Amino acid sequence: MVLLLPAFATAFASVERTDALRQWLAGFDVGWVLDMDDRGSFPRREVGRRVREWAHALGTMDRVFRHGHREVRSPVNDAAAEELAALGQLAGESASAMLRLSGPVVALGSSPSKLLAALDVHAPVSETYPGLARMFAWPPSHPVAAASDAALANLLDASRRCVRDLSAFIRAPQYPWRMPQGGEVHPCVGFWMGYFRCMLRNRVSLYFVLAGDRNGDEGQTTPLPPDEGGLVMELISCLEAVLEEKSGALAFPGLKQIFMLNNTSALVRRAVRSDLSIFLPPGWVLAREERMEGYLKGYLEISWAPVVSRLVGKPGALNVLRRRNPLSAFYSALENVCSMQRAWKVPSPALRAVLRRTVSENVIPAYGRYLDDHPETEVPSGRSTEELEHQLSELFEG
């Protein structure tokens, strides 16, 4: 920096100053900001990487300027005063150049990634630029101060539009809603719950996004949630509603309930084990646990009640419809369900254990009672209660 400062003294031409500024910014790996303008753009896949590079560089520059300012803030001679003025000029032109990123971010089409980028740019600008203004005594009319205020306002407006679109993004088919045929956790659960956490890493900026809506956003009839917690709960509820809606596409009996059990369990686990937990209202987890109990009950009624019902009747008595005795009908129904549900997936070991235990508690006692009530029945090889219990323990391996 010391070698570049002379280029920012008032006696030097603007070409030399521009070259020095480019060299200075390139030293922080952000020389590309000089090639951007409000109409500029870059591939959406590069947004996150560019913003991270930019934020790191801005933070490092701020520390360098603070250190340099401490060294020369009380000039004892004209040379020191000129160095302080040159440092302020370098800081001002660097800050102005770094603001160029905000325009292309604002110009991006509304998307989840744009919201994160806008918040990730707003936070360091709102934290760094007021400090630079105080350090170098820039008045509100200073070009950098005025430009930073305009950039912050534009970033908040852009963020607000993205927040309004988040529910639509969750429902959008391009965040793909192709249903897993094994009933496992949908990838969108991990994506969106992780996204909500990323959104909250800049809580102060998000607060200003929502607060601005409370101050009145012309042309908008639907208000945004009052705070970050309200927004998170609204979006999680939207995700839950979409999961419930999409689960109807699963055709096999009982698979919808397994899918909802998997996804509700994963959603709760991700919420309570992360910083999202501070926003959960009282009773939120209990309500999901009760909902899961309903899914489990529905699954048993759809998948296993028909199997157990085959045991009604007397051994050897013919069923008019199935033309087989109750035990044969039971074995056949059991094999059909087991062969299908071995391929279903329950990734959570705890949930998988609960499901297996509950199925076993509903099937094995009924089978045992049937055998006790009909001691004359000859049990085929491999059909003891212990062997059937082992067979049920192989469900949901995927």
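Me: Are H10 and H11 roughly parallel or roughly antiparallel to each other?
Reply: This is a predicted model, in which local features need pLDDT of at least 70, side-chain atom pairs count only at pLDDT 80 or more, and totals for chains, interfaces and linings use all residues. Residues are numbered from 1 along each chain as its sequence is written, and side-chain values use heavy atoms, leaving out hydrogens and water. The axes of helix H10 (residues 255–272) and helix H11 (residues 284–309) come within 9 Å and cross at roughly 160°; helices are DSSP runs of H or I, at least four residues, numbered from the N terminus, and axes are lines fitted to C-alpha atoms over the stretch in contact, with angles from 0 to 180 degrees between N-to-C directions. Angles under 35 degrees count as roughly parallel, over 145 as roughly antiparallel, 65 to 115 as roughly perpendicular and the rest as oblique, so H10 and H11 are roughly antiparallel.

Me: Is Phe396 buried or exposed?
Reply: Phe396 is found in the segment after helix H14 (385–392), and has a positive phi of about 65° although it is not a glycine. Buried means under 20% relative accessible area, exposed over 50% and partly exposed in between, with a 1.4 Å probe and protein chains only. The relative accessible area of Phe396 is 1%, so Phe396 is buried.

Me: Is Ala137 buried or exposed?
Reply: Ala137 lies in the loop between helix H5 (112–135) and helix H6 (143–171). Its relative accessible area is 62%, so Ala137 is exposed.

Methods. Helices (H or I, at least four residues) and strands (E, at least two) are DSSP runs, numbered from the N terminus.
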